[in-house]
Amino acid sequence: MATFTGLSALWFAVIGLLWAGYFFLEGFDFGVGMVSPLVSRDDTDRRLCMNAVGPVWDGNEVWLLVAGGATFAAFPRWYGLLFQGAYLALFLVLMALIVRGVSFEFRGKLDSAGWRRTWDIANFAGSLVAALVWGVAFTNFVHGLPVSAAGYTGGLIGLLNPPALVGGLAALAVFAFHGSLFLSLKTSGELMQRARRVARPLGGAAAVLLAVTVAWAAAAGRPWQALSGAVPAGVPLALGVLAVASLAAALLLVTRGWDGFAFAGTGAAILLSMGAVFAVMFPAVIPASNGAALSLTVGAAASHPYTLVVMTIVAAIFTPLVLLYQGWTYWVFRQRLQRPIAAATAEPAAGGR
Amino acid sequence: MTLDLARWQFAIVTVFHFFFVPMTIGLCFLVAVMQTLAVLRKDETWDRLSRFFGRIFLISLAVGVVTGIVLEFQFGLNWSAYSVFVGNIFGAPLAIEGLLAFFLESTFIGLWVFGRGRLSPRLHLATIWVVSAGTILSAFFILAANAWMQHPVGYTVEDGQAVLTDFGALLGNSTLWASFVHTVAAAFATGGALVLGISIWRAHRAPGDVERDAFRRGATLMCVVVLVTVVVTAVSGDLQARLMDVQQPMKMAAAEALYNTQNGASFSLLTIGNLSGQPIFQIRVPHLLSLIADLSWNGQVIGINQMQATEAARYGAGNYTPVLWLTYWCFRAMIGAGVLMILGSAWGIWLSWRRRLVPSRWFRRAALLGIALPVVANASGWIFTEAGRQPWIVYGLMETAKGVSTVSAADVAGTLAAFVAVYSILAVLAAILVVRAARHPLDRVDEAPGPDETPSAPGLVY
């Protein structure tokens, strides 16, 4: 069987884009959740942080669900074998997403400091765990997984190898940097200043950790390069280097006070990193670190062309629409959040909800 | 062992998710109706009610959303072989559900929650209708996936995978359309029953005439909503039964625990003893099962023994009979709850006509208990239809035992325990918050964020 066809390669790219979009968008949600304890002085600050992503976090998370659904439809074997293999890792992410998901909606519902504190911690921990596990997972895809005929069977422990842990920390730092820049764009006054201040060390850490991750991956090599259609190693390396450069540029820009451009820089770094990950993997969807022939390829995992054509038509019609109205939401809520004048910590201040 | 645990895990995470889904679909639609009445008639009462029930809707939505994330991945986690077999077909509606429905819901809910006072009233009203459309679209696509498991259409099997050959057939599946109407009508009834129970209770305890009047109006409307939607649910359910009689005769027989083929089969309201064919005590309605199955007085309903023999001959030796006590009692719980809802809402309409809706003590108690009826019906209906398909995961194509992942029983057991623990906490918290929201005073209009309050700056809602 061919390692890929035009249609299946297109869907591989679509799924890459969905993941990239997911990490670009939910990346700053995670980041805001993670840096909230660093930049907040009181309950109102923490509330501002949560409300900064309030109107959009749910829509951002749907990118993940669509990536999951699209993988199921376009690559049933990828969906089936990967998730049973990475069972506990995916479970951890799901738990983290549940805990942080309800934290947004529940936090303001009871007028009790302890209650709000609990959900602040839930939001922080959920964001942190999800970001870390995603980083570990995708670094593993770059290095390849030890695969047997039954797929990956190494369990959670097998995923927690040194390069993957560094990759996980890199994801943490990149998202935290991305989120702190988002906060500096969405808030005002002292909170904005503090968000800008924490952005610098976070940006430094992100650039260094991502550089190490890229270098480690480049040094490790990949046995599945022998598969026909594999992208020359220079391409993902170049994308990875550009991602690190974008982070460095973002760091420079934020020190100059150009937060908007800096945010574009972290966004670019995330998109470029995901480009690198998918370029490294192609034409494998589950790349084997123990021999090219064991890899699950795009061609072998893909659905029948009929399904792919149907999906292509549906996606071509509706994706522009989705981008349009998601974009519109950001436009509607483009203003910076203001600290309430009385700094009243009493909950439902506005709208009573 | 992995198989049983995986089945328990799927049953628990799905049924729990589905406590909130119909509630959310129903409440969203009803809040949209209330807000429409408020905007079009410039009626303050409906505006207050829409805000009041909007709060409860958001709690239900939040739990529904987070538990829904789990389901998107549950197939890959625990049902890997199934996923590989059906992905070509089953995955498509799932992906389309995300692209068409989840994006709409999640984006516009943000606009609705944070856009109050910032978007114009009509645009703000439009956002909640878009959310409602999203929830209903979502129901359609996930039911398209499920209907294919009940009654596979538009496919061939190639190299051990079911392959889609006709997307139109997938979306035109008769099973899908019947269950879509049934599920959405039941969801509206679920929301209606909740609004009814809370409204009656609040109208009774209202501190003043304004609040009493507002909740009385809400309750009166909900009596009509519940009656109409439960009747639609019943009619579409009957349509489903006739499709089931042709498409899954074993499930029809299992609904009654009917062992042998019968003409003019009767329907037992309840059975004491066991369902082995020699019950100790039964109350039976003559000919009713035949009427349910094919709308005829003396129509033939095929028995379990005959179906077992037919399927064994077609698919090879094996047990093709579902767990009968489960299908039998779930079928009765579903129908019984529906009948009680029809009677209860008709009673409410009569009381309302006699202007005794709020004073009636017995109706108040019934309406509060009635909140649970659709929840029971929804859960038992789904347990019936999924358990009644067993041993098949895809009817006639793949057995449930062949669809399971190759993960260790310990992993499934551990995650199952964690899901149960976390979901239990979520259930308690959601219940506390809903009760609290139900006690919340109706907003006075001056509490609403007015245009004087820096209209363009996003507010702090969470």
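Colleague: How far apart do the C-alpha centres of domain 1 and domain 2 of chain B lie?
Modeller: This is a predicted model, where local features need pLDDT of at least 70 and side-chain atom pairs count only at pLDDT 80 or more, while totals for chains, interfaces and linings use all residues. Residues are numbered from 1 along each chain as its sequence is written, chains are lettered from A and ligands numbered from 1 in the order in which they are written. Domain 1 of chain B is 2-243 + 322-447 and domain 2 is 249-306, with bounds from an automatic or database domain assignment. The C-alpha centres of these two domains of chain B are separated by 30 Å.

Colleague: Which element gives the most to the side of domain 1 of chain B that touches domain 2 of chain B?
Modeller: The contact (C-beta atoms, placed from the backbone, within 7 Å) takes 13 residues from domain 1 of chain B and 11 residues from domain 2 of chain B. On the domain 1 side, two or more residues come from each of α7 (209-247) and α11 (324-353) of chain B; helices are DSSP runs of H or I, at least four residues, and strands runs of E, at least two, numbered from the N terminus. With six residues, the element giving the most is α11(B).

Colleague: Which element supplies the largest share of the side of chain B that touches chain A?
Modeller: Chain B puts 64 residues into the contact and chain A 66 residues. On the chain B side, at least two residues each are supplied by α2, α3 (80-115), β2 (161-164) and α14 (409-439). The largest share, 24 residues, is that of α3(B).

Colleague: Are α3(A) and α2(B) roughly parallel or roughly antiparallel?
Modeller: Helix α3 (residues 57-74) of chain A and helix α2 (residues 44-78) of chain B have axes 9 Å apart, at an angle of about 20 degrees. Axes are fitted to C-alpha atoms over the stretch in contact, and angles run from 0 to 180 degrees between N-to-C directions. Angles under 35 degrees count as roughly parallel, over 145 as roughly antiparallel, 65 to 115 as roughly perpendicular and the rest as oblique. Therefore α3(A) and α2(B) are roughly parallel.

Colleague: Is V15(B) buried, exposed or partly exposed?
Modeller: V15(B) lies in helix α1 (residues 2-41) of chain B, and, leaving aside neighbours within four places in sequence, is in contact with A379(B) and W382(B). A residue is buried with 20 or more other C-beta atoms within 10 Å of its own, exposed with 12 or fewer, and partly exposed in between; C-beta atoms are placed from the backbone. V15(B) has 15 such atoms within 10 Å, so this residue is partly exposed.

How values were computed. Two residues are in contact if their C-beta atoms, placed from the backbone, lie within 7 Å.
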